[in-house]
Amino acid sequence: MTELAVNYDLLEASLCNTSGNVSLAERFRTLFTLKNIADERSIEIIGKALKDDSELLKHELAYCLGQIGNPKANTILSEVLEDLNEHEMVRHEAAEALGAIGSLESLPILEKYLNDKNESVVETCELAIDKIKYDHDPKNKAEKETNKSLYHSVDPAPPTTETRSVEELEAQLTNPKLKLFVRYRAMFALREIGNTEAVLALAKGLKDKSALFRHEVAYVFGQLQHPASVPALKECLADKDEVHMVRHEAAEALGSIATPEVLEVLESYRQDQEQVVRESCVVALDMYEYETSGELQYANGLENQAQNMHSLKLAH
């Protein structure tokens, strides 16, 4: 089958909303289409969209640049991290994305912001530094080759291989005296186990003092799509005292889980006082529609082109 050229102009117009009429949900689908194409032109287009006003969109733009994993994005992400006028949620994601790409050249800028005024940015830089050092340490080569995740995401820390005991992993997860990198490794190990017991252990992380940590637990729940996490996520979304970085992630996780009870919950927060929560509910409802529709591909930004999605080797 002949692969047709991607219409980058169409994708850029959609992601950057040049017409002013593209819905946020559609822009998200376009973003993940570009993430899956994952070439340098895609990186350029995603970088242009970082001038948008939506904190939620910019957060996801930075996330996708990290997941693409091309060092060409390092300069774009470094500029976001260095912009002290940018929202903390976006800056933290830029730091995490630098860790995901894993270039040694990113260490100086990450170290520079270990004393940032925002705790989430500081913690993310700490994690990113530890991940880059882990990735480049020859002693970890064998573990990296055998420690293959069930998920396709590039995570802030690899799952720990020391134990498969949910009880032991929960103890590591909830121990504030351990390094954040170690606790994250326990978190992702629990994700790999993925049963109800592991989900209930992870839910205890939503009570952690670190907003970044709580945000990551909610993200993991979105990956797991396990119905046992719904009560904890609903409680998190309903808590108006919770920071919006965490509430937004809870909303998106609920959208991906897509059980019948989730629809009413998300609808009820579409008018939340926090913009990022409102927008997350809109995106989550679109994800809910996808999960319950039988569509083959969420990242469907090429549907208006004469394209075979699988010919572009898009991620599933």
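How far is the sulfur of Cys125 from the closest cysteine sulfur, and in which residue does that sulfur lie? The distance is 20 Å, to Cys64, too far for a bond.

This is a predicted model, in which local features need pLDDT of at least 70 and side-chain atom pairs count only at pLDDT 80 or more, while totals for chains, interfaces and linings use all residues. Residues are numbered from 1 along each chain as its sequence is written, and side-chain values use heavy atoms, without hydrogens or water.

**Cysteines**

A disulfide is a covalent bond between the sulfur atoms of two cysteines. Here the test is a pair of cysteine sulfur atoms within 2.5 Å. The whole structure contains 0 disulfides. For Cys64, the closest cysteine sulfur is in Cys16, 13 Å away, which is too far for a bond.

**Annotated site**

The UniProt record, an unreviewed entry, gives "binding site" for His215, Glu216, His248 and Glu249. These residues span 35 residues in sequence, yet no two of their C-alpha atoms are more than 11.3 Å apart, so they gather at one spot. Such annotations may be inferred rather than shown by experiment.

Glu216 lies in helix α13 (residues 211-224). Helices are DSSP runs of H or I with at least four residues, numbered from the N terminus. Contact means heavy atoms within 4.5 Å. Beyond four places in sequence, Glu216 touches Glu96, Pro156, Tyr184, Met187 and Phe188.

His248 sits in helix α15.

Buried means under 20% relative accessible area, exposed over 50%, partly exposed in between (1.4 Å probe, protein chains only).

| Residue | Relative accessible area | State |
|---|---|---|
| Glu216 | 1% | buried |
| His248 | 0% | buried |
| Cys64 | 0% | buried |
| Cys125 | 0% | buried |

**Two helices**

The expected span of a helix is 1.5 Å times one less than its number of residues. Helix α17 (residues 275-293) has 19 residues and should span 27 Å; its end C-alpha atoms are 27 Å apart, which agrees. Among its buried residues are Val276, Val277 and Ser280. The buried residues of α17 pack against α2, α4, α6, α14, α15 and α16.

Helix α8 (residues 119-136) has 18 residues and reaches 26 Å from its first C-alpha to its last, close to the 26 Å expected. Of its 18 residues, 13 are buried, so α8 is mostly covered. At its start, a side-chain oxygen of Asn118 comes within 3.0 Å of the backbone nitrogen of Ser120.

Conventions
Helices (H or I, at least four residues) and strands (E, at least two) are DSSP runs, numbered from the N terminus. A polar contact is a pair of N or O atoms within 3.5 Å; within protein, one must be able to donate a hydrogen and the other to accept it, and residues adjacent in sequence count only if both atoms are side-chain atoms.
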